[in-house]
Amino acid sequence: MSAVVESQTSKQVKRAGLTALAFLLMVVMCVPGLWVVLSAFRPNGEILAKPPVWVPENPTFDNFRKIFGLGTDQVAIPVGSYFMNSLIIALTSTLIALAIGMAGGYAFARYRFRGKGGIFLGLMLFRAVPGIALSLPVFIIWSKLGIIDTKLGLIIVYVSLNVPFTIWLIDGFFRQIPLSLSEAAQVDGCTRWQAFWKIEFPLARSGIAAAGVFAFLTSWNEFALASQLTRSTTSKTLPVGLLDFTAQFTIDWAGMCAMAVIIIVPALILTFLVQKHLIAGLTFGGVKG
Amino acid sequence: MPFWRRESATPFLLLTPAMLTMAFVVVFPLVFSMYTSFTGFRLTKPASLYDWVGFRNYARILSDPEFWIPFGRTVLFLTVVLNVEFLLGLGIALLINRITWGQRTLRTIMMFPMMFSPILVGFMFKFLFNDNIGIVNNALQSLGLSDGAIPWLVDGKLAFFSIAIAEVWMSTSVFAILLLAGLFAMPRDPLEAAKVDGCNAWQTFRHITLPFLMPFAYIAMAIRSLDVARAYDIVTVMTDGGPAGRTEILWTLIGRVGYDNSRMGMANAMAYVSTILSILFTWYFYRKLVAARRYMGGAQ
């Protein structure tokens, strides 16, 4: 009797231990991010202080005011325009990539055709070309076309960067919808086009939204191509702008931390909203393909 | 009936926009890059675009230690980093699978590093590892573990180590999340059967759990292989290849030769080597994925 109780308690202890270990691991994972966020609300002097100040003594929004050029103290880096550029470029390229990806994903999920596997693999392999390697020829061609340092130039590149992955995800989501549903609609007199918009699109909508978030984040976070294809405030994005800080004589750590927060907050919110669909899409697309 | 009205043409029409974009932004530039790699093109001399040099660029880089050392370093870096990410990810997935309280929260937190821009991850770890004001040195000194400032990003070996830490921090969750999804999808019957047959925990893991998880590991590898070149962003912001080229990897070398030294012909030849490497890598894991799926008897 006592042996049973004992083994039960030891099981509970073990379980509690595992839970504690898991949470400890997560804390370790969060520390780098949290430290940057904390530092964004400190004056630069406190960051440079020796001995170190662990808990912010006088939290302030000055760094944010400064990088957006609102306070008396200003930074020479136009973070506001970079933010708008990032937003416009990421949103536009995401919408176009989604439209192209939905057409392509539907084709892969619903039709049998010659060379299907080959085309699919080909799309994926082109996505594997390293950004910096692709940037060399694109840089030369875009210069000849006169779209270097324009938002358009970057949007075109990001659309093609996102199309393969978007097709992969959306293909997976369409596959999960039974074919019989759209067939039933077609028997009832819908055309295939109508059946798509009335049956399949609404059912796959959350998955498509997840694919959209993925595309948005890819564009929002991209650096290798953006750093070569943009030159000025008309098209520079936030990741490229972050590196501007290091070019200055003294590194403005507080300003950089504030800018890091500006870059990460939209990404975290979006991820949080679609996390469930994202995992489902990645695994279904791959395993049940 | 014209070709495009036929039912059999529909999938090709649907794929046309995708093909056109890829052709314009990837295929055409790659062909152009191939051509450029056979010229002595320099950005400063536009006329040199027509200066055909045959295989000279390739011959040069293949016999040049300034190419082979970063090349070898890149291969070493990827081998170490991917294996560490796989093992850590597997450990985290098995751990989270065992616990019941707070599992959802943990899964959400785990997704966060995936969403960080690589340039941001690089900056974050540059800030953390800064020898003067970084939290790592401050913590070590406060705990009395070290009396001087450790030059994390100034010493070649330590800088390489710091970059690897940043990379592992950023990408381990890709493995953890996909392997955890695999554990969730796992049928219970084989596990129970193994228990009845008297397998111990390690045997069950080795012969039942691990084979079932492999396709998920290959998805993670395939996804990772699409963006291994993101290491470029991290290295650029953390050390920019320094000190004295000790952390130069293939991709930072391409950027330096192409843009800073404006030797575009040479850089394109290097870029081609790196592109082929990346494509082979992705293709390998895609094949593995297909094979593992067949082994599982999944739907084809």
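Helices here are DSSP runs of H or I with at least four residues, numbered from the N terminus. Keep in mind that the model you are looking at is predicted.

Let us stay with D149(A) for a moment. Most residues other than glycine have a negative phi. D149(A) is not a glycine, yet its phi is positive, at about 60°. How exposed is D149(A)? It has 17 C-beta neighbours inside 10 Å, and so counts as partly exposed, since that class lies between 12 or fewer for exposed and 20 or more for buried.

You will find S262(B) in the loop between α11 (250-260) and α12 (264-296) of chain B. Because S262(B) has 14 C-beta neighbours inside 10 Å, it counts as partly exposed.

Now turn to a place where the two chains meet. Helix α4 (residues 79-110) of chain A and helix α1 (residues 10-36) of chain B have axes that come within 8 Å and cross at roughly 135°. The two helices, α4(A) and α1(B), are therefore oblique to each other, and the crossing is left-handed.

Which residues meet there? From α4(A) come I100(A), A103(A), G104(A), Y106(A) and A107(A), and from α1(B) come P11(B), L14(B), L15(B), P17(B), A18(B) and T21(B).

Notes: Residues numbered from 1 in each chain as written. Chains lettered and ligands numbered in written order. Predicted model: local features only at pLDDT ≥ 70, side-chain atom pairs only at ≥ 80, totals over all residues. Axes fitted to C-alpha atoms, helices over the stretch in contact; angles between N-to-C directions. Parallel < 35°, antiparallel > 145°, perpendicular 65-115°, else oblique. Left-handed = near helix turned anticlockwise from the far one by under 90°. Contact = placed C-beta atoms within 7 Å.
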